[in-house]
Amino acid sequence: MSPISPDIALRDYRMPVYQVPDTVIEVLPIAQRQALKARLRTLLNQKNAVLVAHYYTDGDLQLLADETGGCVSDSLEMARFGTRIDAQTLLVCGVRFMGETAKILNPEKSILMPTLEAECSLDIGCPIDAFSAFCDQHPHHQVVVYANTSAAVKARADWMVTSGSAVDVVTMLKQQGRRIIWAPDKYLGQYVQQQTGADMILWQGACVVHEEFKGTELELLRHQYPQAKVLVHPESPASVIQQADVVGSTTGIIKAAMELDAEQFIVATDKGIFHKLRELAPGKTFIEAPTAGRSATCKSCAHCPWMAMNTLGKAIHALETGANEILVDPAIIERARKPITRLLEFTRDQKRLAGDA
Ligand code: 13P
Ligand code: SF4
């Protein structure tokens, strides 16, 4: 069997049908935003809580996280940060799998989220029953799942990886002669397979945001901006990844924008990242990669509808009332902690070897 041919059981499996919500960006007058930020700052202090935000969330939430000793980062660092901090409550602004990962690693802490409706299409597209049955058919494969999965799917896995660590983990597994079940993102899986040459069976999930970036339209845009470097998140289709100067996690993209000797960048990832890009690489120009062809329409238009649900008002409500607490079955926590801890230890050892820990 060719390493990346979809498995027979996968071809038979129908991906769940779900409604992608509209992306609703909250627009408020500056004075109102300032007042909400002040209230949230006070609550964080009163409740001994820290704000852990993803780069795709509201710019003011990111600013507040930075100002109050919280963290703004990619999913790997979000997971790591929660384990290092003393605070009793983590206010996780992102999507549900990020809150669940925080709970799995810190079961004694309260993990609150602005909303429990913030899903992820990769998580929705990989339900535990179907995934577990699929794994049962390949008992000798190592099960490697992306962070963007439910706690139950992680509990079924040998390894959890993030976009910033997937290639290194799979390279190591390949060196050990392992065959791999990969889930859920087919594009990231194809990219990892192509980078490592590993023998991988891919679950056929996709991110509703990154899947919409268009290779042909990107080519046209590159002709308009011939000096621009192209930065791509690996959840994007191969036709987009092929044109990248740098393929990386959200942190990798920000680092590249800061370090590369270029003034213009075309960026193929959620546009929430532009907040941090402009803050850390001021004076440089960032251009959104195209999501729709001339006659096509985009569903997410490069902004995750679920990430956009994290508003200042909902964050305040969660801290004021203790609403939207993430709870995970202790038996699942016990099993899901192993693949996540493995990754944290692996990346820590790699940093040590590279001399920057
Ligand atoms: P990162 O880990 O690169 O931040 O990616 C998370 C994510 O959900 C991307 O869509
Ligand atoms: Fe999931 Fe895509 Fe949203 Fe990231 S951007 S949380 S992968 S739906």
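This is a predicted model: local features need pLDDT of at least 70, side-chain atom pairs count only at pLDDT 80 or more; totals for chains, interfaces and linings use all residues.
Student: How do I read a sheet, and what is the order of the strands in the open sheet of four strands?

Tutor: In general, the strands of a sheet pair through backbone hydrogen bonds, and this pairing may be parallel or antiparallel. Here the open sheet has the order β2-β1-β3-β4, with parallel pairing. The edge strands, each of which pairs on one side only, are β2 (71-73) and β4 (110-112). From one strand to the next, the twist averages 20°.

Student: How many bridges join strand β1 to strand β3?

Tutor: Strand β1, residues 49-54, runs parallel to strand β3, residues 89-93, and five bridges join them. To find your place in this pair, look for valine 52, which stands opposite valine 92 in β3. Then look for helix α3 (residues 59-67), which packs on the sheet and touches β1, β2 and β3, its direction making about 135° with that of β1.

Student: Now for a pair of helices: at what angle do the axes of α5 and α16 cross?

Tutor: The axes of helix α5 (residues 96-105) and helix α16 (residues 330-354) cross at roughly 100° and come within 9 Å. Angles of 65 to 115 degrees count as roughly perpendicular, and α5 and α16 are therefore roughly perpendicular to each other.

Student: Which residues of these two helices meet?

Tutor: From α5 there are Thr101, Ile104 and Leu105, which meet Ile333, Ala336, Arg337 and Ile340 in α16. Sorted by class, this contact has five nonpolar, one polar and one charged residues.

Student: Finally, which residues surround ligand 1, and which come nearest to ligand 2?

Tutor: Ligand 1 is surrounded by Asp74, Ser75, Leu76, Asn148, Thr162, Ser163, Cys207, Glu235, Ser249 and Thr250, and this shell divides into two nonpolar, six polar and two charged residues. Around ligand 2 there are 13 residues, of which Cys120, Ser121, Cys207, Val209 and Cys304 come nearest. By class, the shell around ligand 2 has nine nonpolar, two polar and two charged residues. Notice that Cys207 is named both around ligand 1 and around ligand 2.

Methods:
Residues are numbered from 1 along each chain as its sequence is written. Chains are lettered from A and ligands numbered from 1 in the order in which they are written. Two strands pair if DSSP finds at least two bridges between them. Axes are lines fitted to C-alpha atoms, for helices over the stretch in contact, and angles run from 0 to 180 degrees between N-to-C directions. Two residues are in contact if their C-beta atoms, placed from the backbone, lie within 7 Å. Angles under 35 degrees count as roughly parallel, over 145 as roughly antiparallel, 65 to 115 as roughly perpendicular and the rest as oblique. Ala, Val, Leu, Ile, Met, Phe, Trp, Tyr, Cys and Pro count as nonpolar, Asp, Glu, Lys and Arg as charged, and the others, Gly among them, as polar. A residue is near a molecule or strand if its C-beta atom, placed from the backbone, lies within 6 Å of it.
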